[in-house]
Amino acid sequence: MLTLDQARAALASARRVAVLTGAGVSAESGIPTFRDAQTGHWARFRPEDLASPDAYHRDPDLVWQWYAGRYADVTRAQPNAAHTLLAQLEREKGTGFFLATQNVDGLHARAGSGTGGGQMVELHGSLASARDEVTGEVFALPDPAELVTPPTSPAGNRMRPHIVWFGEYLSPDVLEAAQVAFYEAEVALILGTSGLVYPAAGLARHTQQGGGVVIEVNTADTDLTAQMNFSLRDLASSGLARLMGAG
């Protein structure tokens with residue numbers, strides 16, 4: 001196991017850094033986790049009853065109402081210090097930086113990730129996008145106040161949320177890019193994720209197989225903690241600040 005100083009030094013000297021973020025990063029912006037979002041009217045439904053191809057086939061209007069509400073919620077939220085620090089880290093590392101997020105709220109992009117020379121991928125899609133059911137093309141949604149559900153594409157086809165649902169696979173191109181980046185990374189940061197959802201949770205193993213250092217920041221032990229070279233019990237924002245020497 002590394003010490004904090006050793007982990008900090010490894011991150012500072014690394015030319016190639018890969019980052020995986022989960023719900024714990026967004027929670028600091030006031031966004032509930034996937035299951036915690038089942039409140040009020042939606043508490044009557046299990047997430048699996050709304051986030052699946054079968055659910056959409058049965059009642060697309062209901063599914064779209066739920067996703068439109070979630071889209072409105074994340075649009076009101078603001079990026080937090082963890083998001084801005086990762087955008088800063090990307091600017092420092094340039095083309096050697098890769099960010100894979102399991103979050104669908106778009107806060108990384110709004111904080112500047114993906115514009116500082118590195119690459120960002122949204123493993124599970126985005127609440128701000130929808131996909132043409134016929135052509136598969138992806139389009140940005142209008143502001144929540146202007147969104148009519150179910151939306152239609154410019155071709156006039158109904159669109160579905162651009163989200164990876166239960167029973168669906170990640171985009172092969174996106175997953176391969178993440179696996180390659182993590183294998184090549186000298187340091188991988190695993191921030192605010194439980195390590196329960198695969199294949200995202202398996203990315204840390206790719207870094208280890210490539211000889212890199214894997215560092216975890218989470219408020220509690222996770223299924224990945226035992227694999228880590230260094231594990232920090234902290235919020236994503238303050239833990240990342242400590243690792244970057246910013247706090």
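So, E133: with a relative accessibility of 36%, this residue is partly exposed, where that label covers everything between buried, under 20% relative accessible area, and exposed, over 50% (1.4 Å probe, protein chains only). Before I go on, this is a predicted model, where local features need pLDDT of at least 70 and side-chain atom pairs count only at pLDDT 80 or more, while totals for chains, interfaces and linings use all residues. Residues are numbered from 1 along each chain as its sequence is written, and side-chain values use heavy atoms, with hydrogens and water left out.

Okay, what does E133 pair with? Its side chain meets R158 in a salt bridge, 2.8 Å from N to O; the term here means a side-chain nitrogen of Lys or Arg within 4 Å of a carboxyl oxygen of Asp or Glu. R158 sits in the loop between β5 (138–140) and β6 (159–163) and E133 in the loop between β4 (125–132) and β5, so the pair ties together parts that are 25 residues apart in sequence. Helices (H or I, at least four residues) and strands (E, at least two) are DSSP runs, by the way, numbered from the N terminus. R158 is partly exposed as well, at 35%.

How many salt bridges does the structure hold? Nine. Another one joins R233 to D221, with the closest N and O atoms 2.9 Å apart. Here R233 is in strand β9 (residues 230–233) and D221 in the loop between β8 (213–218) and β9, twelve residues apart, so to speak of a link between distant parts of the chain. R233 is partly exposed at 32%, whereas D221 is exposed at 59%. There's also a network: R15, R16 and E186 are joined by salt bridges that share partners.

D73 and R76 both lie in α4 (residues 60–76), three residues apart, about one turn, and their closest N and O atoms are 2.5 Å apart. D73 is partly exposed at 44%, and R76 is exposed at 60%.

Helix α1 (residues 4–13) and helix α9 (residues 236–244) pack at about 75 degrees, with axes 8 Å apart. Axes are lines fitted to C-alpha atoms, for helices over the stretch in contact, and angles run from 0 to 180 degrees between N-to-C directions. That makes the two roughly perpendicular, the word for 65 to 115 degrees. L4, A7, R8 and L11 in α1 meet R242, L243 and M244 in α9, contact being heavy atoms within 4.5 Å.

Note on methods: Angles under 35 degrees count as roughly parallel, over 145 as roughly antiparallel, 65 to 115 as roughly perpendicular and the rest as oblique.
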